[in-house]
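Take a look at the chain below.

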Amino acid sequence: FKIQQNGSVILNGTLSYSEKSTFYQLTIEASDSGGNYNGTYVVQKSSAFARINIEDVPDMNPKFQNTPYQATIPENSMVGTSVFRVLAIDGDLGIKDKIAYTIQSSKPPGLFEIGSSNGEIRVKGKLDRENLFDFYTVVELQVTAEEMHLNINGMVASAK
C-alpha cells in the first residue's frame with residue numbers, strides 16, 4: 001500500500017485472497033515539516049492504525065476433493081443404488097458458491113447418473129457384467145462441477 005500526499009491510501013501491487021493475507025494492519029504516521037518552537041527545532045507527528053480487510057472475488061475454479069474416486073458395485077444392482085458421492089468446493093475461499101454436477105461423459109454410456117446438487121453417483125441402467133464388459137473393463141465417468149454464479153470474467157467456473 002502507498003499513501004498519497006492528499007492522504008489517500010492506494011494499492012501499490014496485487015492482492016490474492018487465497019495466497020496472501022485476508023487483511024492488512026497499517027500504521028499511518030502524519031507529520032509536519034517541523035519548525036522552530038522556543039528556539040528548538042520541533043517536528044509534530046501523530047500515528048493511527050488502519051485495518052484493511054480483503055474481500056474475495058470469484059476468480060478461482062471449483063476443486064474436487066479426495067480424488068481420484070473409485071468404487072466397486074455388484075452386477076445387477078438396482079436402478080437408483082448409490083455408488084459414491086463426488087465433492088467439489090468453490091476455489092474462492094471467501095465465497096462458497098453452490099456447485100452443480102453433471103456427467104460429461106461415460107464409458108460405456110447410460111449406466112450411471114449424478115445428483116446435480118449433491119454429486120451422488122447412482123445406478124441408472126442394468127449392470128450385467130457378462131453383457132456389458134470383458135473381465136478387465138473399467139467404467140469411466142467424467143464429472144463436471146460448475147459454480148452457480150459467473151466469475152469476475154463473466155464465465156462459468158468449472159472443474160472436471
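The text that follows describes a predicted model.

Start with Glu 147. This residue lies in strand 13, residues 140-150. Glu 147 is buried, yet it has no salt bridge. A salt bridge needs a side-chain nitrogen of Lys or Arg within 4 Å of a carboxyl oxygen of Asp or Glu. The nearest side chain of opposite charge is Lys 63, and it is 9.5 Å away. Setting aside residues up to four places away in sequence, Glu 147 touches several others, among them Met 60, Pro 62, Asp 90, Lys 98 and Val 156.

Now turn to Glu 29. It sits in strand 3, residues 23-31. Its relative accessible area is 51%, so Glu 29 counts as exposed, since the cut-off for exposed is over 50%. Apart from neighbours within four places in sequence, Glu 29 is in contact with Lys 45, Ser 46 and Ser 47. Asn 151 is 122 residues from Glu 29 along the chain, and their C-alpha atoms are separated by 38 Å.

| Residue | Strand | Strand residues |
|---|---|---|
| Glu 147 | strand 13 | residues 140-150 |
| Glu 29 | strand 3 | residues 23-31 |

Three strands form an open sheet in the order 8-12-11, with antiparallel pairing. Strand 8 (82-85) and strand 11 (112-114) stand at the edges. Each has a single partner strand, so one side of each lacks a neighbour in the sheet. From one strand to the next, the twist averages 25°.

Strand 8 pairs with strand 12 (residues 120-123) over three bridges, in the antiparallel sense. Arg 85 stands opposite Glu 120 in strand 12.

Technical notes
Residues numbered from 1 in each chain as written. Predicted model: local features only at pLDDT ≥ 70, side-chain atom pairs only at ≥ 80, totals over all residues. Heavy atoms only, no water. Helix = DSSP H or I, 4+ residues; strand = E, 2+ residues; numbered from the N terminus. Buried < 20%, exposed > 50% of the residue type's maximum accessible area, 1.4 Å probe, protein only. Lys, Arg positive; Asp, Glu negative; His and termini not counted. Contact = heavy atoms within 4.5 Å. Pairing = 2+ DSSP bridges. Axes fitted to C-alpha atoms, helices over the stretch in contact; angles between N-to-C directions.
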